[in-house]
Number of protein chains: 2
Amino acid sequence: MPFDFISEERRLTQPEELLTYSYDATDHRGRAGLVLRPVSKDEVVEIVKEAYETGTPIVPRGAGTSLSGGPVPEEGAVVLDLTLMDRIIEVQERDRLATVEPGVVYGRLNKHLESHGLFFPPDPGSGSVCTIGGMVATNSSGIRAVKYGTTRDYVARLEVVLADGRVIEPGTYARKSSSGYDLAGFFVGSEGTLGIFTEITLRLLPKPTHYAAARLAFPGAAEAARAVGKIISSGLNPAVLEFMDKNTVQTVEKYMGLGLPEAGALLLIEMDGFDQGADLLLEKALDLADAEEVERGTDRQALWRARKAALPSLARYAPNLVLEDVTVPISKLPEILERIGEISKGYGIPIATFGHAGDGNLHPTFLVEERDENLEEAMKELFQATLSLGGTISGEHGVGLEKKGFMGLEHGTSLDLMKKIKAELDPKNILNPGKVF
Amino acid sequence: MPFDFISEERRLTQPEELLTYSYDATDHRGRAGLVLRPVSKDEVVEIVKEAYETGTPIVPRGAGTSLSGGPVPEEGAVVLDLTLMDRIIEVQERDRLATVEPGVVYGRLNKHLESHGLFFPPDPGSGSVCTIGGMVATNSSGIRAVKYGTTRDYVARLEVVLADGRVIEPGTYARKSSSGYDLAGFFVGSEGTLGIFTEITLRLLPKPTHYAAARLAFPGAAEAARAVGKIISSGLNPAVLEFMDKNTVQTVEKYMGLGLPEAGALLLIEMDGFDQGADLLLEKALDLADAEEVERGTDRQALWRARKAALPSLARYAPNLVLEDVTVPISKLPEILERIGEISKGYGIPIATFGHAGDGNLHPTFLVEERDENLEEAMKELFQATLSLGGTISGEHGVGLEKKGFMGLEHGTSLDLMKKIKAELDPKNILNPGKVF
């Protein structure tokens with residue numbers, strides 16, 4: 001029996017068990033042949049060695065919150081569920097480092113770090129359930145990327161099981177290095193196609209102690225986009241700068257009734273720091289923004305509820321929605337928003353757009369009943385518009401199955417290089433095959 | 001005649017011309033067979049294509065300030081002098097991006113950016129002459145890395161001529177991306193062995209308007225190292241935190257007579273920001289540091305003169321000195337300093353240590369008359385000590401010829417991967433052969 005060195009309770013074969021490992025947060029569906037739940041690096045090594053010998057595809061998986069189809073297994077693949085490898089191995093407080101296993105949940109890590117006065121800043125929407133391994137695999141980020149960057153910026157060192165079962169430890173505990181090629185950074189965002197992470201050392205930052213937030217209403221998306229440009233180019237460095245268009249605001253209001261203003265667009269802004277300076281910075285940003293209406297966040301959580309409600313509300317309105325993840329240079333925000341409006345009209349598809357405007361990352365959400373050619377054409381036009389503005393087709397969700405067809409459009413000849421490196425590192429194509437390319 | 005499509009005045013063949021391209025800032029010496037000075041991407045492509053067809057080694061070169069032997073040509077190689085490609089192509093002020101050719105000098109770029117209120121933070125010691133291309137090739141940094149990170153953190157996009165003459169443009173003008181493997185980041189620090197940069201797009205930051213600096217004297221290196229640990233782990237985020245040991249201070253004083261205090265060790269600290277808050281932060285840091293003597297920097301330039309004089313002064317004392325570049329986690333600073341003292345005694349080699357203590361990057365400088373086996377052994381012991389403390393053998397200078405013999409020690413199996421990727425991307429081994437590995 002294959003992989004029978006894994007004990008029965010961590011080696012799932014029943015159809016109903018396999019089913020729960022055959023999806024992610026997209027509408028892509030696969031069919032796992034077997035699910036293995038290793039508890040140690042040594043087990044991962046043994047699994048990969050057998051897979052390498054037998055040419056069996058392996059799909060590493062964290063919490064399955066992916067928005068790209070990345071962890072959806074191809075027919076008969078072995079799903080490697082890494083959620084049992086969830087130890088926080090060490091926090092080196094003085095060096096601001098934490099070493100964890102890949103299955104540690106983002107929210108749990110930050111909870112644990114509170115007593116050290118530290119935090120791991122990338123803040124994905126799925127943060128309360130998603131795993132650090134998944135975040136590293138997709139170079140994930142979220143509302144705080146505008147100030148704090150993405151997961152890659154915080155990966156100091158990895159332990160990686162390669163396709164042939166060898167183990168490497170790229171990176172360093174030091175704060176910088178010019179010693180050879182940056183393999184650690186290269187593995188970040190590789191979506192399980194180059195190796196399997198068994199240990200991750202993260203750089204941490206001191207957790208701010210002061211926050212100041214506000215909600216700003218604008219007559220239209222263009223005005224909001226211009227305010228974003230002004231705030232960002234001023235150098236005020238907001239920790240959060242979120243955008244919600246009229247469709248999103250109305251849908252949230254319809255399902256949640258939060259008492260949001262009837263606005264053409266909303267911005268949510270937050271400053272953070274270690275003293276009352278955060279309030280001052282917020283006031284400066286508000287001066288620049290020139291909004292129609294400003295609600296200062298005496299209750300921060302209430303303020304954020306609207307933003308957090310965006311995707312759930314839209315999903316109630318259109319359960320089969322397709323959430324996009326384009327990112328453009330800040331100065332191109334007004335133009336991409338205009339293009340999204342044109343695409344919506346041109347293809348007759350309602351689109352609600354929200355996202356991390358502060359770093360140019362928007363989630364235009366196609367409110368469709370099903371995927372069809374019309375949708376595909378509309379998405380392609382969105383990607384072409386994004387690329388023609390100097391942007392990227394995925395800001396934080398990854399490529400997975402969702403965008404592999406568009407990789408040539410963005411990367412051209414670079415895609416050949418990516419494929420060559422993949423073939424060199426995984427010659428039997430057993431690591432998450434069929435993803436990214 | 002090879003490469004005769006390059007006009008005569010930019011195609012150097014005379015021995016005295018070749019000689020000036022056969023060295024860098026180390027004592028490594030090579031012998032260029034030919035020097036080509038292209039002025040455009042198209043010329044670089046033509047050169048690389050001919051080199052690929054004929055199997056001719058090419059060594060890309062900026063200002064030649066390398067401290068690793070990276071640009072030193074092997075016998076008969078073609079040196080590609082990129083200093084004529086020195087256009088600042090575009091500054092996108094609102095997106096905080098600058099696109100430049102590789103030969104642009106660091107200092108000139110920052111001078112140019114002043115009128116935009118922006119800057120490119122990595123601040124190498126050779127900043128007034130070194131090129132952006134060289135900085136990207138070595139992932140260079142300097143005294144501001146403690147706060148602002150290294151060159152890699154600022155590379156948004158590259159234009160790269162590959163070994164076969166194809167051109168790729170990895171990266172994006174957007175502020176983040178999860179679209180495929182991070183090729184742009186991977187090319188940073190590749191030391192000319194994977195491709196030749198013909199265009200570089202850098203992320204920029206708003207230039208601080210306020211600075212506050214001080215010089216702190218301590219009875220010994222251990223006390224200074226402990227102060228560094230306290231300041232860094234406090235989260236105060238100094239822009240500069242430099243260390244000079246007793247040997248360095250005494251040598252600077254001997255040759256420059258700057259009136260430095262007779263201290264066991266000095267720290268130089270600088271806070272920056274956009275208002276008087278910088279002064280406040282400095283006072284907080286000084287409280288933590290608990291120094292014997294503090295000199296606040298009413299004249300910042302005077303304060304920095306001592307640090308800038310370190311290497312030139314040591315070079316007058318020992319013209320054949322060997323400058324090292326180890327980096328350890330901050331908490332290990334006291335231990336590595338102790339080990340350096342032991343190595344100095346054990347091998348009978350005077351060592352003066354200075355460097356960017358704030359990010360754990362030290363430059364122990366072996367004050368030798370010539371390279372011999374004793375020195376090699378001492379260096380090896382330093383590298384072993386560094387690695388056993390979780391550090392890296394090069395913090396900012398790169399590997400070049402200087403450290404290729406020690407790469408296995410640091411990287412183990414990872415080194416195989418680096419070699420595989422090199423062989424895949426440069427199958428004829430024509431791009432800066434014999435470097436890094």
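Contact means heavy atoms within 4.5 Å of each other. Keep that in mind for B:K41. Leaving aside neighbours within four places in sequence, B:K41 is in contact with B:M85, B:E159, B:V167 and B:T198. This is a predicted model, in which local features need pLDDT of at least 70, side-chain atom pairs count only at pLDDT 80 or more, and totals for chains, interfaces and linings use all residues. Residues are numbered from 1 along each chain as its sequence is written, chains are lettered from A and ligands numbered from 1 in the order in which they are written, and side-chain values use heavy atoms, with hydrogens and water left out.

Stay with B:K41 for a moment. It lies in helix α2 of chain B, residues 41–54. Helices (H or I, at least four residues) and strands (E, at least two) are DSSP runs, numbered from the N terminus. B:K41 is partly exposed, at 30% relative accessibility. Buried means under 20% relative accessible area, exposed means over 50%, and partly exposed is in between (1.4 Å probe, protein chains only). B:R305 is 264 residues from B:K41 in sequence and 39 Å from it in space, C-alpha to C-alpha.

Now take chain A as a whole. Its secondary structure comes to 15 helices and 19 strands. The radius of gyration of chain A is 22 Å, close to the 22 Å that the globule rule gives for 437 residues, so the chain is as compact as a globular protein of that length. This radius is taken over C-alpha atoms, and the rule is 2.2 Å times the number of residues to the power 0.38. Along its principal axes, the C-alpha trace of chain A spans about 65 × 55 × 40 Å. Of the 437 residues in chain A, 61% count as buried. Consider its contacts with a separation of 6 or more: residues 24 or more positions apart account for 71% of them.

A:I336 gives a local view of chain A. It is found in helix α12, residues 333–347. At 1% relative accessibility, A:I336 counts as buried. Not counting residues up to four places away in sequence, it touches A:V328, A:L362, A:L382, A:A385, A:T386 and A:L389. A:I336 and A:A385 are 49 residues apart in sequence, yet 7.2 Å apart in space, C-alpha to C-alpha.

Next come the cores. In soluble globular proteins, nonpolar side chains tend to be buried together. A nonpolar core is a set of buried Ala, Val, Leu, Ile, Met, Phe, Trp, Tyr and Cys residues joined through side-chain atoms within 4.5 Å. The largest one here has 130 residues. Within it, A:F120, A:I132, A:F187, B:F120, B:I132 and B:F187 touch the most other members. Apart from it lies another core, of 48 residues, including B:L216, B:F218, B:I232 and B:I393.

B:T251 lies in helix α8, residues 246–256, and counts as buried at 10% relative accessibility. It touches B:S313, B:L314 and B:Y317, not counting residues up to four places away in sequence.

Finally, look at two backbone angles. A:D290 has a positive phi of about 55° although it is not a glycine. This residue is found in the loop between α9 (277–289) and β15 (293–296) of chain A. A:D290 is exposed, with a relative accessible area of 61%. B:N432 also has a positive phi, near 40°, and is not a glycine. B:N432 lies in the segment after α15 (413–425) of chain B, and it counts as buried at 2% relative accessibility.
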